[in-house]
Amino acid sequence: MRAPSSTASSGVDGIVMNPAAYTHTSVAILDALKATAIPTVEVHISDVSTREAFRHHSYVSLAAKHTIIGHGIDGYREGIEWLAREPKSREIHTNSFPCL
């Protein structure tokens with residue numbers, strides 16, 4: 001895996017990532033994803049909405065075009081498939097990550 005900031009000019013069409021604990025703590029990852037403007041899918045193996053309250057907020061979702069939650073490791077495949085179906089727009093969208 002390459003750092004998001006190193007992928008902007010390298011022909012990368014999309015990013016599928018599981019930011020794990022950095023989901024709720026890393027403004028740096030958010031800034032890197034915004035800087036690249038590469039379509040990103042955020043994946044979480046477990047359903048974070050059923051876990052501790054602090055896990056209900058995602059900085060990454062502010063830059064991700066799509067979020068897949070609770071589909072186990074199939075979420076990675078689903079993320080790749082989602083990127084393959086979507087137009088290659090570089091526009092960043094706010095995502096609807098569950099905030100309880």
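Colleague: Hi! What kind of model is this?

Modeller: It is a predicted model, where local features need pLDDT of at least 70 and side-chain atom pairs count only at pLDDT 80 or more, while totals for chains, interfaces and linings use all residues. Residues are numbered from 1 along each chain as its sequence is written, and side-chain values use heavy atoms, leaving out hydrogens and water.

Colleague: Thanks. Which residues of helix 2 are buried?

Modeller: Gly75, Gly79, Trp82 and Leu83. Buried means under 20% relative accessible area, exposed over 50%, and partly exposed in between, with a 1.4 Å probe and protein chains only. Helices are DSSP runs of H or I with at least four residues, and strands are runs of E with at least two, numbered from the N terminus.

Colleague: And what do those buried residues pack against?

Modeller: Strand 1 (15–17), strand 2 (40–44) and strand 3 (66–69); contact here means heavy atoms within 4.5 Å.

Colleague: Which exposed residues sit on the face turned away?

Modeller: That face of helix 2 carries Ile80, Ala84 and Arg85.

Colleague: New topic: where is Ala20?

Modeller: Ala20 is in the loop between strand 1 and helix 1 (27–36). Its phi is near 50°, a positive value in a residue other than glycine.

Colleague: Is Ala20 buried, exposed or partly exposed?

Modeller: Ala20 counts as partly exposed, because its relative accessibility is 43%.

Colleague: What about the phi of Ala37?

Modeller: Ala37 is not a glycine, yet its phi is positive, about 60°. Ala37 lies in the loop between helix 1 and strand 2.
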